[in-house]
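Please look over the sequence and the model shown below. The report that comes after them is meant to be read alongside both.

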Amino acid sequence: MGDSAINGKTWNEAEQDLVVGDYLVMLDKAMTGRAYDPANHQRALRFVTNRSGGAITFLQGEISAVLTLVGLPTLKDHPPRWDFGDGLVEAVDRCLSARPGVLKDLAQPPALLGRAAAPVLAEGAPSPAPHASAGARAERLVAKFDPAARDQEARMLARIGVAAALVHEQRRLEDRGRPDLAAQVRLALPPVNGQRGDEGCDLVSFSRTGAPRRIVVKTTTGGPATPFRLTPAEDALRAAEPETFVVHRLYDVAREARVFRVRGARDEAVSA
């Protein structure tokens with residue numbers, strides 16, 4: 001794959017495990033705010049693998065691509081390269097399976113969960129272009145680590161996302177000259193005494209003109225392409241009120257903390 005394109009040598013299993021393991025060490029440090037020297041890491045990899053710096057960098061980009069598929073954050077200096085092979089997918093599978101604590105900390109960083117305040121969101125955008133379709137082995141990896149299910153079950157991560165989205169909505173309306181509406185933004189209410197609550201959404205907000213918005217918040221530490229799922233109640237609300245239904249997709253919340261919106265009943269609201 002990447003290495004063979006550079007110097008004609010293919011990566012063996014042990015070498016791939018070394019590079020993937022080192023990548024995860026650097027990523028863990030990056031996610032927890034600890035200092036590390038990428039140059040030192042690469043020098044060590046060059047020594048133990050006898051590979052060129054270019055070959056290692058190329059493979060690290062392929063690792064970013066595989067981690068992107070399973071909804072995990074990646075090293076910013078190594079944008080995804082989508083021409084990875086099954087051998088690298090196997091290496092990522094081995095490393096993540098052998099280190100469940102690392103997987104948990106990347107998906108729900110302790111530093112994020114320990115913050116006194118929710119992260120401040122910046123406006124982001126969906127992934128600009130779909131990546132190359134994954135092969136069968138990569139699809140099995142995605143199914144095994146199922147990022148949509150993982151994020152949906154991460155209740156503390158979801159609470160952080162809802163809190164951040166609430167503040168973001170209030171500030172949005174205030175910045176648009178509607179402090180009156182900002183004061184009315186609230187958390188969804190559960191049914192009480194047989195009365196219908198706000199089932200199927202997390203927040204109740206408004207457009208600048210005062211039109212209601214029913215907001216579902218989906219939060220991940222992964223990138224903008226990380227898939228998410230709607231619950232049955234959310235899907236029912238989307239079908240019943242497509243004009244008010246909005247998904248706020250929060251991504252990279254442990255670092256840059258960005259958000260984009262998916263409105264109405266378009267298919268993009270549910271990433272599989």
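What follows describes a helix, a surface patch and several salt bridges.

This is a predicted model, in which local features need pLDDT of at least 70 and side-chain atom pairs count only at pLDDT 80 or more, while totals for chains, interfaces and linings use all residues. Residues are numbered from 1 along each chain as its sequence is written, and side-chain values use heavy atoms, with hydrogens and water left out.

**Helix α4**

Helices here are DSSP runs of H or I with at least four residues, and strands are runs of E with at least two, both numbered from the N terminus. Helix α4 covers residues 53-69. Its 17 residues should span 24 Å at 1.5 Å a residue, and the end C-alpha atoms are 25 Å apart, which agrees. The expected span is 1.5 Å times one less than the number of residues. Of the 17 residues of α4, 15 are buried, so the helix is largely enclosed by the rest of the structure. Buried means under 20% relative accessible area, exposed means over 50%, and partly exposed lies in between (1.4 Å probe, protein chains only). Just after α4, G71 has a positive phi of about 70°.

**A nonpolar patch**

L18, F47 and V48 make a nonpolar surface patch of about 340 Å². Patch residues have over 30% relative accessible area and no salt bridge; nonpolar side chains (Val, Leu, Ile, Met, Phe, Trp, Tyr) are joined within 5 Å, and like charges within 9 Å. Areas come from the Shrake-Rupley method with a 1.4 Å probe. V48 belongs to helix α3 (residues 38-49).

**Salt bridges**

Side chains of opposite charge can pair when their charged atoms come close. A salt bridge is counted when a side-chain nitrogen of Lys or Arg is within 4 Å of a carboxyl oxygen of Asp or Glu. By this rule there are 17 salt bridges. The table gives some of them.

| Pair | Closest N to O |
|---|---|
| R94 and E13 | 3.8 Å |
| R238 and D235 | 2.8 Å |

R94 lies in helix α5 (residues 86-98) and E13 in helix α2 (residues 13-31), so this pair ties together parts 81 residues apart in sequence. R94 is partly exposed, at 27% relative accessibility.

R238 and D235 are 3 residues apart in helix α12, and are therefore separated by about one helical turn. R238 is buried, with a relative accessible area of 14%, whereas D235 is partly exposed at 33%. Elsewhere, salt bridges that share partners join E90, D93, R137 and K144 into one network.
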